[in-house]
Amino acid sequence: VLDLDGKSTNIKIQPTMYGVFFEDINQAADGGVYAELIKNRSFEFNEPLMGWSQPKTQTLSENKDSGYINIISDYQKSNRNYARITVLNDKNYELWNEGFRGIGLKKGEKYDFSFQLENVSGDISAVNAVWLDENGKEILTTSVPLKSKGWNNYEVSITPNSTVQKAKLKLTFSGVGVVNMDMISLFPQDTWKGRKKGLKKDLVQKLADLKPGFVRFPGGCLVEGRTLAERYQWKKTIGNFADREYLINKWNNGFAHRLTPDYYQSFGLGFFEYFQLAEDFGAEALPILSCGMACQFNTGELVPMGELNPYIQDALDLIEFANGSVNSTWGKKRAEMGHPKPFNLKYIGIGNEQWGPDYIKRHLAFEKAIKAKYPDIKIIATSGPSPDGEYFEYGWQELKKHKAELVDEHYYNSPDWFFKNANRYDSYDRKGPKVFAGEYAAQSVKVVSPDNKNNWLTALSEAAFMTGLERNAEVVTMTSYAPLFAHADGWQWTPDLIWFNNLESYGTPNYYVQKLYGNNAGTDLLKITENAKPVSGQSDLFASAVEDKKSKKIIIKIVNAAQENMQVKLKPKSIKLSDSAEQILLTSPDLKSENNFDKEIIKPQSSVLKLKKGDISVDIPANSFVILKFDS
Ligand code: AHR
């Protein structure tokens, strides 16, 4: 029997309660959400021809029978390299691009194929582009006539008449001579919000469907970099796409079992686009910045305290970029990018997953400078890796002592840990810092195992744990699963919320748990108890309850983690519940079952529950997550 008290607890569910955490890991941005389909489009990788090949060119010969490519570099520029292509025999010279684990093309969709080209010498009259399927069959051809001298932009629209998941692009040339080429690019026209050269619509829609309260970006360890030189620097990610300086991705060759030496950041999805995305979702933007410490799992390189100012200045300038007037230095840049209105940034995170006294010192220096100029900006501090981490307790004590506003906790742990920790926040000090559960995911095998699965057991344990987050909304005000995306052929880390390939994507059971919470967050916490105690795992039952004052609903979330069905009787007090309720059920008879590209077998099922007057008895199936929605 669960007692539901309708009397207000006076505890609000913050609109930021369920958010998303975006990191360019597992090809989430380049090769993923960012819709560019050509890998290394401007020859900027450390090996400038990575992604490109010239199958008919014998590199050790004089190449008289074909042609060859040179890379020309100008180190003064952010877009340093371009390709000089010398065609000696146009029957034989070919330049191929492999795409991001192939190029996904959809039948009947329109794509923009574009490049920059300087016609240097000779009589090359056209660039011919051919797309080939996995069997080498030509599926689409276009020929782009060239203008005379000077650098010019070229763009044509193409429409494939078949669907191919892993196409390749072959470029040939009509005539012999020399051309310079840069920014060789292919984008679908139908992008998220129709923004030209923007983001993939279907993948972003999956995020929008979660109804996130915030978007945390751009990581993760990606923020920190393996070295300080490789840290994420937001100023290099704004402005013209062609001028955004490439950077090796921290997850390049992320783990020994997933070698991905071709992982770079083009920053086509940069800080402006992240702010825009948060705005599209009606969510708060939550940027995380380097605190002057490289990833402590790698080099742990430290900026001396005396040299921290440029890092702090980056944070101050970011706030100006987001919120400053169009007359301010950085606000002007935002306006020039097409957003004169401020983004109304409210939060900033300092450091990702840092720990120890070095972090505390740096955090305090950032805090002092930010609060002096922007007292209303809320600052998020980090408590380091999982709760078992070496410095977790130390970090918390220090941050509490210094009255930090919000502390970011990360935990990747077993399903069992998640079930057992549904009461984790029951004992947290209500007067201390608020909690941002910024990264969490149940691991079916162990942390960083390539065998981890997004199975029903992991999702069920997260649903149970999240009843505990919700019950403790007084202290937990922001939460996000991690990581968000993974390309089926290009990942470094599993489990992940959404899996995709070059054509399709699917939501994991964990995705549907997040979606159910995000779509049923409510506005006010209600008290639900069993024998006067929080329902957090006694007899495998977990529950939380909220009222949604906007839609006038009472929403009860229940997890039955037992192997048998349970009869749950609801006893409302100081509240009248309607005689029927919407029941949303997420379950699977097999704890090991998973969704996949062919079928999302674990998906919410909605039905109407008719209840007998005065008797609210609900059958909760074994191993299931159930939401009951009553009219209030
Ligand atoms: O989510 C994957 C990684 O896990 C994040 O980059 C990091 O913050 C954590 O260690």
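The following legends describe several close-up views of a predicted model.

Residues are numbered from 1 along each chain as its sequence is written. Because the model is predicted, local features need pLDDT of at least 70 and side-chain atom pairs count only at pLDDT 80 or more, whereas totals for chains, interfaces and linings use all residues.

**View 1**

**View 2. Cis peptide bonds.** Most peptide bonds are trans. The bond from Gly219 to Gly220, however, is cis, with omega near 25 degrees. Gly220 belongs to the loop between strand 14 (214-217) and helix 2 (221-224); helices (H or I, at least four residues) and strands (E, at least two) are DSSP runs, numbered from the N terminus. Thr494 and Pro495 are also joined by a cis peptide bond, with omega about 10 degrees. Pro495 is placed in the loop between strand 23 (485-487) and strand 24 (498-500).

View 3. Contact involves 13 residues of domain 1 and 13 residues of domain 2, where two residues are in contact if their C-beta atoms, placed from the backbone, lie within 7 Å. The side of domain 1 that touches domain 2 has two nonpolar, five polar and six charged residues.

View 4. Leu186 lies in strand 13 (residues 177-188). Leu186 is buried because 23 other C-beta atoms lie within 10 Å. A residue is buried if 20 or more other C-beta atoms lie within 10 Å of its own, exposed if 12 or fewer, and partly exposed in between, with C-beta atoms placed from the backbone. Not counting residues up to four places away in sequence, Leu186 touches Leu37, Ile38, Ile103, Tyr111 and Phe113.

**View 5. Strand 29 and its partners.** Eight of the eight residues of strand 29 (residues 553-560) are buried, so this strand is largely enclosed by the rest of the structure. Strand 28 (residues 541-548) runs antiparallel to strand 29 and is joined to strand 29 by eight bridges; two strands pair if DSSP finds at least two bridges between them. Within this pairing, Val546 has Ile555 as its bridge partner. Strand 29 also pairs in the antiparallel sense with strand 34 (residues 624-631), over eight bridges, and Ile554 stands opposite Phe630.

**View 6. Positive phi values in two loops.** Most residues other than glycine have a negative phi. Phe43, in the loop between strand 2 (20-21) and strand 3 (52-53), has a positive phi near 60 degrees. Phe43 is buried, with 25 other C-beta atoms within 10 Å. Ser574 has a positive phi of about 55 degrees and is placed in the loop between strand 30 (566-573) and strand 31 (580-587). Ser574 is exposed, with 10 other C-beta atoms within 10 Å.

Conventions
Nonpolar A, V, L, I, M, F, W, Y, C, P; charged D, E, K, R; others polar.
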